Amino acid sequence: MIIYPPEGISFRRVLFFVMIKNSCLFFLLLAPAFSYAQSTRDTLRPRQLDSVTVSGKMIHKDQISTAVKSTLSGQALDETRGASLGESLKGITGVNSIQTGPSISKPIIHGVYSNRILLLNNGVRQEGQNWGNDHAPEIDPFIATKITVIKGAASIRYGSDAIGGVVLLDPKDLRKDPGMDGELNLVGISNGRVGVVSGMVEGAAAHKWEGLSWRLQGTLKEAGNAQTASYYLGNTAFRENDYSATLQYEHPTYGGSLYYSRFNTKIGIADASEVGSGSDFIHTPPVPAVPADFTYAIGRPYQTVNHQLLKASGFIDLPHNAGKLEGTYAFQRDVRTEFDADPSYNRNGNTNNTPDLDFQLNTSTVDLVWEHPEIKKKINGSIGVDFITHGNLEQGTTYVQLIPNFVDYSGGVYGIEKMQLGNWTLEGGLRYDYRWLQVYKLNPTTLVKNSPVQDWQNLTVNAGATYRFNEHFSGTFNFGSAWRPPSVLELWADGIHQSAASWQFGDSTLKLEKAYNFSTAVKYSSAAFTAELGVYANAFQNYIYARPDTFVVITAQGTFPAFTYTPIKHALFEGIDLNFTWRIREHLSLTSKTSIVRARDLDLHQWLINIPADRYDNTLRYQWTKIGRLKNFFIGANNLLVSKQTRVIPLPPAGPGLSQPQQIFSKLIIPPAGYMLWGAEAGCTVPVARQDIRISLSVTNLTNTAYRDYLNLFRYYVNDLGRNVTLRLVIPFNG
C-alpha cells in the first residue's frame, strides 16, 4: 500500500494516484462483504442497539456530516470507565494511544498524534501543555456520555492543528423536566489497587424558574505502583481529583450557559527511567536494578497538572427567520510542574517543593457561528469566526529552558455548506487562518535575550459526499486539506524534558506542516450483520517528527537520550480500518476490529518511527435480554493481537563492533516483539429499589503475559502491565 514517487513525477500527481488507488482497493474489498451481508440480513430478528446515530437536515456547528467518524457511548462507554481518555479510545477502530509509562496516554488517530489531534471538551478546544508525548489530556472522561472521533482532516470547522482528527467529548443534555437525578460510578482496578469514585447530580427548576437547569460532577481517583507480569514498577502511583459545574437557562428562542471545570493530578514517573550513563541506557537490565514494592507514595521524579476551564456561551434565534447566532468565550489556565529525581538547588534551601520545570499557559478563545436559514429546502450551512491567544510563562529552576516563554494570536473565518439531493448529501467548506508568534528566549551562555517573531497563514478546503444506496448500505467520501505551524517545542526546544526522560532539540527554521487527507468508508447494517470498512491516505508536506539522535546528553541530573525535531519534505500515511459485528446466533455475537496503517518518508523511501503496528481485536460475547431479575446479562472473551512493528528506520549492521552512538540509535529505534493478550468480561443490570444498577467485571492480560508495546516510550526500561481485573458499578438515581 506504499507509493514510491517515480523520478520527475510531481507530488500532486502522486496524491492523485493515491486517491484513485485507494478508492479502487476500497470497492474491491467491499464487494464480497456486501454480498455476504445481503445473503444473511434477514436470518435473525432485530437486536437491541447500544447506540444510534441520527443525521438531521440542520448542520450543527460541531459536526461535519460527511467526515468519517465513530462514536463511543452507552454500554460501550460504560465498559471503559476508570481508564484514561487515551485508553478509553482504543476501543475505536483506527485509534491507538502513545504512552509514557502506565499512567500517561494520549490518542493516536490513523498514525498521527500530539499537536495534530484536537480535543473539544464540552464544545471548547482543549488547550494545555500538550506539546509533549508525555503530556496526557487534562480531561476527566467521566464528564462525557458520548465521545466522537472524527478521523481525518477537520480544519474547516476547528482550525489549524486538526490534521489527524478531532475528539469530541460531549456531556448529555441538561435535564429539562422539573426534578433531580444523578449517577454514581464506582470502579476498582486490581493492578495498582486503583479506586475511582465519580458522581453527578443535576436538576431543573419549575414554575417561574422554568428553563433553568444545573449539574454538578466530580471524580476522585487514586492508584499505587503498577505491576508488570513479574515485578512492581517503582514510583508509578498517581492521584487525581476533578470537578465541574454547569448552569444553563433556555428559552425557545434564546439561552445561555456557564460551565466551569477543574482537573488536578499528581503522577509519579517510573524510577527505572533514570539512568546514569550511555552504557547504562544501552544495557538496561530486563528487570529494574532496584526492586520496588507496592505503595501509594509518590516520590521524585513526578509531575503535577492543574487545568481550569471557564466557558460562557449563548444563542439567539434571529428575527424574521434570519437564522441562529451562537457565541462562546472560554478561558483556560494550565499549570504543569515537573520534578527531577534529584532536588534542585535554590537559595532558600527548600529543595523538595521546587520544580525543575514550571509552566503556566493561559488561553482565551472566542467563537461566533451563524447558522443561516435553509435555502430552497435543500441547502443548510454556517459561517463562523474564531480567535485564540496563548501566553506561556516558565518559572522552573532548570538553567537551560526546555522552551522559551511565548505569546501568540490566531484567528480564522470559515464557511460550511451542505446540500441534500435525493440519496446524496454533498458538503463543502473553505477556511482562512492566520497565526502570529513571539518568543522570549534567553541565551544560557551569553545571557542575551532574543525575541524573534514568526507568522503563518493558509487556506484550507473540504469536500465530501455521502450516498445512501438503500436502507442497509451507504458510502462516504471526504477530502480535506489541513495545516499547522510548528509548535514552540519543535521550534525552540533545548533542554531536559523531565517526565519524558529525554533531551530535546528544536529547529527554528521549520516550516508549516501541510496535509491532504482522502478518506472513504462504507457502512452496512442489518439485523444479523453490521460492518464498516474505511480506507484513507494522508499526504504531508514538511512533516515534523522527533528524530532519535546517536548520542546521549550527560548532566548532573543524569543521562538522557536525545531527540531533534526534523522535517520530512514528503510523507505519506495510508491505512485500512475494518470493524464488524456478526450475530452468529440469537444470543451469540462476534465483534472484530482491524487497524492497519503504513507511514513512509517518500523522499528517502524509509519508514517513519512511532507508527502503530497492525492491530487485531476480536470479542466473542453471549448475551441474554433477561435471566430472572437480571437484565442485559452478558459474558465474553477477548483476544488482542498486536504485530511486531517491522517497518522501522534502517538499523546499523548487528555485531560486536558497533560504536556507542550506533548502539544508542539502535536502542531507540529497534521495536519490541509483537504480543497477544487474552481477556474476559461479564456484566448485567440488577433492578434495586426501582433503580437499574449496572455491574460489570473485566480482566485484561488474563494470562499475565510479559510484553513491551512499541508505542510506550518507557519500553526502553520496563515491561507493560500484567494481569488487571476491573469491577465497575453504575448506580443511577431519579428524583
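Me: Is Glu-87 buried, exposed or partly exposed?

Reply: This is a predicted model, and the accessibility is computed from it. Buried needs under 20% relative accessible area, and exposed needs over 50%. Glu-87 has a relative accessible area of 32%. So Glu-87 is partly exposed.

Me: With which side chain does Glu-87 meet in a salt bridge?

Reply: The cut-off for a salt bridge is a nitrogen within 4 Å of a carboxyl oxygen. Here the N to O distance is 3.1 Å.

Me: What is the relative accessibility of Glu-513?

Reply: Glu-513 meets Arg-484 in a salt bridge of 3.0 Å, N to O. The pair joins strand E22, which holds Arg-484, to strand E25, which holds Glu-513. Arg-484 counts as buried at 1%. Glu-513 also counts as buried, and its relative accessibility is 0%.

Me: How many salt bridges does the count come to?

Reply: Side chains of opposite charge can pair when their charged atoms come close. One network of salt bridges links Lys-172, Arg-175, Asp-181, Glu-202 and Arg-215. The count comes to 25 salt bridges.

Me: Now the rings. Is the pair of Tyr-243 and Tyr-260 stacked, edge-to-face or tilted?

Reply: A search of the whole structure finds 23 aromatic pairs. In one of them, Tyr-243 and Tyr-260 are 6.4 Å apart, centre to centre. Stacked needs planes under 30 degrees apart and edge-to-face needs over 60. The angle here is 45°, so the pair is tilted.

Me: Which strands hold Tyr-243 and Tyr-260?

Reply: Tyr-243 is partly exposed at 39% relative accessibility, and Tyr-260 is partly exposed at 26%. Their pair ties together parts that are 17 residues apart in sequence. Tyr-243 lies in strand E12 and Tyr-260 in strand E13.

Me: Over which ring does the charged end of Arg-193 sit?

Reply: For a charge over a ring, the atom must be within 6 Å of the ring centre. The charged end of Arg-193 is 3.9 Å from the centre. The ring is that of Phe-294.

How values were computed:
Residues are numbered from 1 along each chain as its sequence is written. This is a predicted model: local features need pLDDT of at least 70, side-chain atom pairs count only at pLDDT 80 or more; totals for chains, interfaces and linings use all residues. Side-chain values use heavy atoms; hydrogens and water are left out. Rings of Phe, Tyr and Trp (its six-membered ring) pair if their centres lie within 6.5 Å; planes under 30 degrees apart count as stacked, over 60 as edge-to-face and the rest as tilted. Helices (H or I, at least four residues) and strands (E, at least two) are DSSP runs, numbered from the N terminus. Buried means under 20% relative accessible area, exposed over 50%, partly exposed in between (1.4 Å probe, protein chains only). A charge sits over a ring if NZ of Lys or CZ of Arg is within 6 Å of the ring centre and within 35 degrees of the ring normal.
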